[in-house]
Amino acid sequence: MISVTDDEAMELALAQARSGGASGEIPIGAVVLDGEGTVVARAHNSRESLLDPTAHAEVLALRQAAAALGRWRLDDCTMVVTLEPCPMCAGAIVMARVRRLVFGAWNEEYGAAGSRWDLVRDRRLNHRSEVIGGVQADECGAMVTQFMLTQRVAPEE
């Protein structure tokens, strides 16, 4: 197993996002690194293909990491994701006790790691993650923006 840096992990998350986007999913990718910096999980959004509203990249990657490591507490792990997590994913990150959260683009609409809300560092909760935002933000944000402009159909009036 090879240890990777946050930037290298973000490249892997971007590859996951591209893969999901190519199949019609909102292009968001995530990877989980164990305490040694080894990739133990990779996922992309799969809500459309799985018909599952909880099939966000972060949730799927957390499930894979827990299975790979044989434990639900991921307190030595780092989650790397291309877009700031939504409240559901931020809650899952807290409940899994993820040590570090690294993300690319800020999510002004649904972000729950510092932009709209800050669930992952809320002092009222029993766990707080270290947060590093803005890693390769331009590329991560452009991917989602481009998808929204070209793939999504405007709602009927």
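Student: What do the numbering and the model type imply for the values used here?
Tutor: Residues are numbered from 1 along each chain as its sequence is written, and side-chain values use heavy atoms, with hydrogens and water left out. The model is predicted: local features need pLDDT of at least 70, side-chain atom pairs count only at pLDDT 80 or more, and totals for chains, interfaces and linings use all residues.

Student: In what order do the elements of the protein chain run?
Tutor: Helices (H or I, at least four residues) and strands (E, at least two) are DSSP runs, numbered from the N terminus. The protein chain has 5 helices and 5 strands. From the N terminus on, their order is α-β-β-α-α-β-α-β-β-α.

Student: What radius of gyration does the protein chain have, and how does it stand against a compact globule?
Tutor: The radius is taken over C-alpha atoms, and the globule rule is 2.2 Å times the number of residues to the power 0.38. The C-alpha trace spans about 45 × 35 × 30 Å along its principal axes. For 157 residues a compact globule would have a radius near 15 Å, and the protein chain agrees with this, at 15 Å.

Student: What share of the residues in the protein chain is buried?
Tutor: Buried means under 20% relative accessible area, exposed over 50%, and partly exposed in between (1.4 Å probe, protein chains only). Of the 157 residues in the protein chain, the buried share is 48%.

Student: Which strands stand at the edges of the sheet?
Tutor: Two strands pair if DSSP finds at least two bridges between them. The 5 strands form an open sheet with mixed pairing, in the order S2-S1-S3-S4-S5. One side of each edge strand is left without a neighbour in the sheet, because each has a single partner strand; these are S2 and S5 (130-132).

Student: Which residue in the hairpin of S1 and S2 takes a positive phi?
Tutor: This hairpin has 5 residues between the strands. The positive phi, near 85°, belongs to glycine 37.

Student: Is threonine 82 buried or exposed?
Tutor: Threonine 82 lies in strand S3. Contact means heavy atoms within 4.5 Å, and, leaving aside neighbours within four places in sequence, the contacts of threonine 82 include Met10, Leu14, Ile28, Gly104 and Cys140. With a relative accessible area of 2%, threonine 82 is buried.

Student: How are H1 and H5 oriented to each other?
Tutor: Axes are lines fitted to C-alpha atoms, for helices over the stretch in contact, and angles run from 0 to 180 degrees between N-to-C directions. H1 (residues 6-22) and H5 (residues 137-151) pack at about 5°, with axes 11 Å apart. Angles under 35 degrees count as roughly parallel, over 145 as roughly antiparallel, 65 to 115 as roughly perpendicular and the rest as oblique. H1 and H5 are therefore roughly parallel.

Student: Which residues of H5 meet H1?
Tutor: On the side of H1, the residues are Met10, Glu11, Leu14, Ala17, Arg18 and Gly21. On the side of H5, they are Glu139, Cys140, Met143 and Phe147.

Student: At what angle does H3 run to S2?
Tutor: H3 (residues 57-69) lies across S1, S2 and S3. Its direction relative to S2 is about 150°.

Student: Is arginine 97 buried or exposed?
Tutor: Arginine 97 is found in the loop between H4 (87-95) and S4. Its phi is positive, about 65°, although arginine 97 is not a glycine. At a relative accessible area of 13%, arginine 97 is buried.

Student: How does glutamine 136 count by relative accessibility?
Tutor: Glutamine 136 is in the loop between S5 and H5, and its phi is positive, near 55°. With 22% relative accessibility, glutamine 136 counts as partly exposed.
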